[in-house]
Amino acid sequence: MADKKFTVLDLLDLELSGHDALDLKCIAGRRGLPRAITVPELNRPGLALSGFYESFASNRVQVFGRGETAYLQKLHKEKNTDSIRNFFRSQMPCCIFTYNLEPTEDFRRIAEESYCPLLQTSLTSTEFSNRIIRVFANQFAPHQTLHGVLVEVYGIGILLAGHSGVGKSETALELVERGHRLVADDIIEIRCVNGNIILGRGANTVISHHMEIRGLGIINISQLYGVGAIRDQKEVQLIVQLEDWNSSKAYDRLGTESKYKELLGVKVPVIEIPVRPGRNLPIIIEAAAMNERLKNMGYNSAKDFNQNVLKWIETGEAQTVYNGNDDSY
């Protein structure tokens, strides 16, 4: 199934706040709001307005700052509408005026005739560009959905994976009880941002902070444990694969060899934890999160242990302990 196209109307409808808010409003060309935005980039159309159309990036969102608006005023005084009509012959998604600047009447009229949306924001050109590029990076990022539970443990985003019924939700509930945070349960949507960051969130934001516990039913984590027990999205930094204990399988006991799983082209560390009665999974996952933080800080416990053992062997003390103090046979 093809992804739904991202339109100018979708851009206006985005619910953004704080340092992500774009403060956009439509001031003309409403009939063109269904136009699709296909390229996550911006263009400053100063050269095009002056008549130079070679390599004109008309498929990008056009940003008008003080310089471009001043040039429109010049064209208006000269009654030069031909340059504006030539400009709108190119099918662009929309034009956005920063600093709450107003287009000239000629520009507004021809935009209406061409069904090209004109938007306005109070932000500066630089700040608006920075914010909308972040929005585009999220909207146009490669994405997919996974089955699992995403939690934040000691600041590390951990994706609990495994077959249905292995105990992912119960383990996540115990982690929440111990003060950690739930991002989403069951269906996780991941996006690759900036080429190397995997962000995860609930595929359905309405029910992402609800959890299904077999025998108990659906529970609302934010209502039971407070808003401090949830968060909207988190980078996936570690995958914990839960599986039923298999006595014939050789599980990693040292941790010297790192395993990875590729998500949207990015390698994410993965550890396998066998599940059987009596194992305290939340404590094991907490230890895994803290160990991952140490690795990110440059310290690897398993490799350090291995190096210490090799040094001990090289000193000859290991041979003395093995053979004993008496060398006679």
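A residue counts as buried when its relative accessible area is under 20%, as exposed when that area is over 50%, and as partly exposed in between. The model discussed here is predicted.

Q: Is Ile158 buried or exposed, and what is its relative accessible area?
A: Ile158 lies in strand β7, and apart from residues up to four places away in sequence it touches Val149, Leu150, Val151, Val153, Leu238, Val240, Ile285 and Ala289. Because buried means under 20% relative accessible area, Ile158 is classed as buried, with a value of 0%.

Q: Which residues does Ile285 touch, not counting residues up to four places away in sequence?
A: With residues up to four places away in sequence set aside, the contacts of Ile285 are Val153, Ile158, Leu160, Thr171, Leu175, Val240 and Ile273.

Q: Why is α7 described as largely enclosed by the rest of the structure, and which of its residues are buried?
A: Helix α7 is largely enclosed by the rest of the structure because 7 of its 10 residues are buried. The buried residues of α7 are Lys168, Ser169, Thr171, Ala172, Leu173, Leu175 and Val176.

Q: Which element supplies the largest share of the lining of the largest pocket?
A: The largest pocket has a volume of about 1,400 Å³, and 38 residues line it, with Leu14, Asn138, Gln139, Arg191 and Arg201 nearest its centre. At least two lining residues come from each of α1 (8-13), α6 (125-139), β6, β8 (181-193) and β9 (197-202). The largest share, 6 residues, comes from α6.

Q: How many residues in the lining of the largest pocket are charged?
A: Divided by class, the lining has 12 nonpolar and 12 polar residues. The number of charged residues in this lining is 14.

Q: Which side chain is joined to that of Ser83 by a polar contact of 3.2 Å?
A: Ser83 is found in helix α4 (residues 82-88) and is buried, with a relative accessible area of 16%. Leaving aside neighbours within four places in sequence, Ser83 is in contact with Leu49, Tyr53 and Leu75. The polar contact of 3.2 Å joins the side chain of Ser83 to that of Asn80.

Q: What distance separates the C-alpha atoms of Arg109 and Gly29?
A: Arg109 is placed in helix α5, counts as partly exposed at 37% relative accessibility, and touches Thr81 and Arg85 when residues up to four places away in sequence are not counted. Arg109 and Gly29 are 80 residues apart along the chain, and their C-alpha atoms are separated by 8.8 Å.

Q: What distance separates the C-alpha atoms of Gly228 and Asn194?
A: Gly228 occurs in the loop between α8 (221-225) and β12 (233-235), where it is exposed, with a relative accessible area of 54%. Gly228 and Asn194 are 34 residues apart along the chain, and the separation of their C-alpha atoms is 28 Å.

Q: What is the phi of Asn100?
A: Asn100 sits in the loop between β4 (95-97) and α5 (105-113), and at 40% relative accessibility Asn100 counts as partly exposed. Its phi is positive in a residue other than glycine, with a value near 60 degrees.

Q: What is the phi of Tyr154?
A: Tyr154 lies in the loop between β6 (143-153) and β7 (156-161), and its 35% relative accessibility makes it partly exposed. Although Tyr154 is not a glycine, its phi is positive, at about 55 degrees.

Notes. Residues are numbered from 1 along each chain as its sequence is written. This is a predicted model: local features need pLDDT of at least 70, side-chain atom pairs count only at pLDDT 80 or more; totals for chains, interfaces and linings use all residues. Side-chain values use heavy atoms; hydrogens and water are left out. Helices (H or I, at least four residues) and strands (E, at least two) are DSSP runs, numbered from the N terminus. Buried means under 20% relative accessible area, exposed over 50%, partly exposed in between (1.4 Å probe, protein chains only). Contact means heavy atoms within 4.5 Å. On a 1 Å grid over the protein atoms alone, a cavity is a set of points where a 1.4 Å probe fits but cannot get out, and a pocket is an open set with protein on both sides within 12 Å along at least five of seven lines; lining residues have an atom within 4 Å of a point. Grid points are joined across faces, edges and corners, and a volume is the space filled by probe spheres set on the points. Ala, Val, Leu, Ile, Met, Phe, Trp, Tyr, Cys and Pro count as nonpolar, Asp, Glu, Lys and Arg as charged, and the others, Gly among them, as polar. A polar contact is a pair of N or O atoms within 3.5 Å; within protein, one must be able to donate a hydrogen and the other to accept it, and residues adjacent in sequence count only if both atoms are side-chain atoms.
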